[in-house]
Amino acid sequence: MFKIVRSNVILWPVSIELPVDGGEMQAVESQVKFKRLPEAEYLALIEQHKPEDNAPYSAVLQSDAAVLREVVVDWPDLADEDGNPLAFSQAHLAQMLTGPDGRCISMGLFKAYNEIRFGARQKN
C-alpha cells in the first residue's frame with residue numbers, strides 16, 4: 001500500500017541571483033526549509049502584507065519580509081562572507097531581506113516557494 005505522509009516543513013533548493021562587479025549576476029545556490037501553508041492561508045498572508053499602490057521601495061521590502069518570515073523556517077547551509085555558518089534567526093532573515101540585496105533574495109525565496117506550491121521546478 002502506498003501511503004502519503006506529508007510534513008508541513010520541506011527542505012528545498014533555492015537559487016538567488018546577486019549582482020556582482022561588471023554588470024553581471026551570480027547565482028548563489030542554497031537549501032532552505034519552508035513551512036508549507038494551505039493555499040488559502042498563504043494567499044491571505046500575501047493579501048494581509050500587500051503594500052499600497054505606489055508604496056516606497058522600503059515598504060515593498062518590508063512586505064516581502066513579513067510574508068517570508070511566515071514561511072522560511074531554516075537555512076541549514078548558509079554562511080556569512082567569511083565562510084562561517086550563519087545560524088537561522090528571524091533577525092538574520094529580516095536583515096537579509098531588507099538589506100542591499102533584499103529584493104534579489106526575496107525573489108529567489110518566492111520563486112522556490114512557488115515551485116513548492118505549484119509542484120514544479122523550472123529547468124535552467
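Predicted model: local features only at pLDDT ≥ 70, side-chain atom pairs only at ≥ 80, totals over all residues.
1. Residues are numbered from 1 along each chain as its sequence is written, and side-chain values use heavy atoms, with hydrogens and water left out.

2. Serine 30 is buried, its relative accessible area being 10% (buried is under 20%, exposed over 50%, partly exposed in between, with a 1.4 Å probe and protein chains only). Beyond its neighbours within four places in sequence, serine 30 is in contact with Trp12, Pro13, Val14, Asp77 and Leu78, contact meaning heavy atoms within 4.5 Å.

3. Now to the rings. Those of Phe, Tyr and Trp (its six-membered ring) pair if their centres lie within 6.5 Å; planes under 30 degrees apart count as stacked, over 60 as edge-to-face and the rest as tilted. That rule gives three aromatic pairs. In one, phenylalanine 34 and tyrosine 113 have ring centres 5.7 Å apart and planes at 55 degrees, so this pair is tilted. Phenylalanine 34 belongs to strand E2 (residues 24–35) and tyrosine 113 to helix H4 (residues 102–118), so the pair ties together parts 79 residues apart in sequence. Both phenylalanine 34 and tyrosine 113 are buried.

4. Tryptophan 75 and phenylalanine 88 have ring centres 4.8 Å apart and planes at 75 degrees, so they are edge-to-face. Tryptophan 75 is buried at 4% relative accessible area, whereas phenylalanine 88 is partly exposed at 22%.

How values were computed:
Helix = DSSP H or I, 4+ residues; strand = E, 2+ residues; numbered from the N terminus.
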